[in-house]
Amino acid sequence: MTIRLALAVVALGAAGLLSAPQARDASVLPMGKALEHSRSASPVINVAKRRRRNVETRETAPETSAIPPGQASNGEVLFGVQDVGFLVDRDVIRVGSEIGKFDRIRLRVLRNEIYVTDLKAIFEDGSSETLLTDAKVPANRKTDWIPLNHKGFIKEIQLVYRSKPDFKGQARVEVFGEYENGWLGPNGEGRKYNDGWVLLGTDTAGSVGFDKVKIPVGQNEGGFKQLRVSVKDRDITMTNLAVVYSDGAKDEIEANRIKVDADGAFGPVDLKKGATIKEIEATWRSRAIATSKRDRAYATVQVWGKH
């Protein structure tokens, strides 16, 4: 009797094992049919692969050359400087309506190449303009000019970017603008703003040694009677300041060692000759111990003129 009971239990167990696959097949679709079912149940979203593009650039002096970083050329105005990390950075460079109206902008990249996800200009009237997307800019290059369709005052420049991870370290990015025609000059539109003061040029003062800089002044008709040097982000030490006119004459303004605080200014001082200015010559550096207690390692120095 015991043997018959045991045989019956074994028989029932075997029947259960044989029926289990059939039960699973009844509730689970084969892999191919399961994929077809999932596709039909929800639409497939095709995401196009974003292709990073190269921007047309031209060679510029590297940071280790005799030309100091941040020096403007061809009358460009420096908006600001940022050091870019390896992770995605989101930076805002304030421009402000006191600077002027610009026709176009470009980037200068030093030390390491960068990947620009988005470069956008935000204007004072609330409008915005996207200038670059998904672009690679090599190290020690400056981009070709990027024209601005909107000619209003720029409130700020917004950047989303990162450096290429390698031994070169962080990249340094400088953003320049070129004035709209008719902004400078005795009869230029710039005279209507800032009590008649117009920005002639800018520089970033390095913190290692003194920078001897030459800041070219954009196209102007001369007639400037006063000059002022404004400092932002960090204190500077200045040892020389001079104005060179288009005829080669030079106006030596300051030859003593002086300190200019961040958010402070040197001047205004009267110019001896109201002629067309070719360039500004200066020697200065950012102070290692800054009483301004700013986080920025470099000072932004602005030279303003008044007719």
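**Exercise 1.** Is Asn140 buried, partly exposed or exposed?

*Solution.* The model is predicted: local features need pLDDT of at least 70, side-chain atom pairs count only at pLDDT 80 or more, and totals for chains, interfaces and linings use all residues. Residues are numbered from 1 along each chain as its sequence is written, and side-chain values use heavy atoms, with hydrogens and water left out.

Step 1. Take the classes: buried means under 20% relative accessible area, exposed over 50%, and partly exposed in between (1.4 Å probe, protein chains only).

Step 2. Asn140 has a relative accessible area of 23%, so Asn140 is partly exposed.

Step 3. Locate the residue: Asn140 lies in the loop between strand S7 (128–137) and strand S8 (141–143). Helices (H or I, at least four residues) and strands (E, at least two) are DSSP runs, numbered from the N terminus.

Step 4. Find its surroundings. A polar atom of the Asn140 side chain lies 3.4 Å from the backbone nitrogen of Arg111. The C-alpha atoms of Asn140 and Val109 are separated by 5.4 Å, although these residues are 31 apart along the chain.

**Exercise 2.** Describe the setting of Glu281.

*Solution.* Step 1. Glu281 belongs to strand S19 (residues 277–286).

Step 2. Its relative accessible area is 14%, so Glu281 counts as buried.

Step 3. The Glu281 side chain makes a polar contact with the side chain of Lys250 (2.9 Å). Such a contact is a pair of N or O atoms within 3.5 Å; within protein, one must be able to donate a hydrogen and the other to accept it, and residues adjacent in sequence count only if both atoms are side-chain atoms.

Step 4. Leaving aside residues up to four places away in sequence, Glu281 touches Val213, Lys214, Asn240, Leu241, Ala242, Val244 and Lys250. Contact here means heavy atoms within 4.5 Å.

**Exercise 3.** Which residues have the most contacts inside the largest nonpolar core?

*Solution.* Step 1. A nonpolar core is a set of buried Ala, Val, Leu, Ile, Met, Phe, Trp, Tyr and Cys residues joined through side-chain atoms within 4.5 Å.

Step 2. The largest one has 61 residues, and Ile157 and Trp284 have the most contacts inside it.

Step 3. Among the residues that Trp284 touches, beyond four places in sequence, are Phe210, Val213, Ile236 and Val301.

**Exercise 4.** Summarise the protein chain as a whole.

*Solution.* Step 1. The secondary structure comes to two helices and 20 strands.

Step 2. Of the 307 residues, 48% are buried.

Step 3. Among contacts with a separation of 6 or more, 81% join residues 24 or more positions apart.
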